Structures are given as structure tokens and as C-alpha cells.
Amino acid sequence: MVELRRCRAAQDGAQSRSLQPRPFCAPVTPSCANGCGAETMQHRRISGIEEIPTLSPREKECILWTAKGKSSWEIGHIMGISVNTVNFHIKNVMKKMDTVSRTAAAVKALQSGIIKL
């Protein structure tokens, strides 16, 4: 069973505007519906606000090679780092890009102009 974490206002007992539990909110403006001064990724998608995440040079290079179709082993060999390090950087990109797969992260990075083929 997955435990849902709520934003600070919901944790403090504030009444939510809907009957659905709200996920944990990240500190971003404008404020969430609970009035805690935070906003979820879902709120940003609904309102049309989409931040372009900042990626480190290693993260950019790893996701670029991923976009070119390279495996973690191939990327590690090209960059001179271990497969585990490649996967670490790609997972960071996936979190920052709010995606569930490396392919989706690569596509999103290309669309947002973070990397170019």
C-alpha cells in the first residue's frame, strides 16, 4: 500500500477543497488550494506553468547519449564512468523532468531545448 503524504496545510488539519487527499507540495508559487504556499506538479500542469529544470553537465551528457539511443553500458564506456554512475545521473534527470522512463526524459529534454541532437 502506498502512503500519501499531504502538504503542510493538510497535515495541520486544514480542510481541503476536494475530498481527494492532496500529494506533498513542493515550495513553488502560486500557493496550493490548501493555502500552504506550495504547489504540486499537477497544479503546475493544470495552470500551464512549466519550469525548465537545471541539469548538471554530466546529466546533460548522459541524457544526450540516451537520446541518441545508447545504453547505460555504452554511455559509461564513452564517458569513462561506471554503469551505476550513468544510471544515477539518468535517474536524477528523470526526477527533475518528472518522467517515469529514460526515453520520456530524453524526449522532454529535447523538447524543452536542454539538449540538441
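Colleague: At roughly what angle do the axes of helix α3 and helix α6 cross?

Modeller: In this predicted model, the axes of α3 (residues 57-67) and α6 (residues 102-111) cross at roughly 105° and come within 9 Å.

Colleague: What makes α3 roughly perpendicular to α6?

Modeller: Angles from 65 to 115 degrees count as roughly perpendicular. The crossing is at roughly 105°, so α3 is roughly perpendicular to α6.

Colleague: Which residues meet there?

Modeller: From α3 come Ile-63, Thr-66 and Ala-67, and they meet Arg-102, Ala-105, Ala-106, Ala-109 and Leu-110 of α6. Sorted by class, the contact has six nonpolar residues, one polar and one charged.

Colleague: Let's look at Ala-67 in α3. Why is Ala-67 called partly exposed?

Modeller: Partly exposed runs between the buried limit of 20% and the exposed limit of 50%. Ala-67 has 25% relative accessibility, so Ala-67 counts as partly exposed. Leaving out residues up to four places away in sequence, Ala-67 touches Ala-106, Leu-110, Ile-115 and Leu-117.

Colleague: How do you know that the side chain of Ser-72 makes a polar contact with the side chain of Asn-87?

Modeller: For the side chains of Ser-72 and Asn-87, the polar contact is 2.6 Å. Another polar contact, of 3.0 Å, joins the side chains of Ser-72 and Arg-102. Arg-102 is also one of the α6 residues that α3 meets.

Note on methods
Residues numbered from 1 in each chain as written. Predicted model: local features only at pLDDT ≥ 70, side-chain atom pairs only at ≥ 80, totals over all residues. Heavy atoms only, no water. Axes fitted to C-alpha atoms, helices over the stretch in contact; angles between N-to-C directions. Helix = DSSP H or I, 4+ residues; strand = E, 2+ residues; numbered from the N terminus. Parallel < 35°, antiparallel > 145°, perpendicular 65-115°, else oblique. Contact = heavy atoms within 4.5 Å. Nonpolar A, V, L, I, M, F, W, Y, C, P; charged D, E, K, R; others polar. Polar contact = N/O pair within 3.5 Å; in protein donor to acceptor, adjacent residues only side chain to side chain. Buried < 20%, exposed > 50% of the residue type's maximum accessible area, 1.4 Å probe, protein only.
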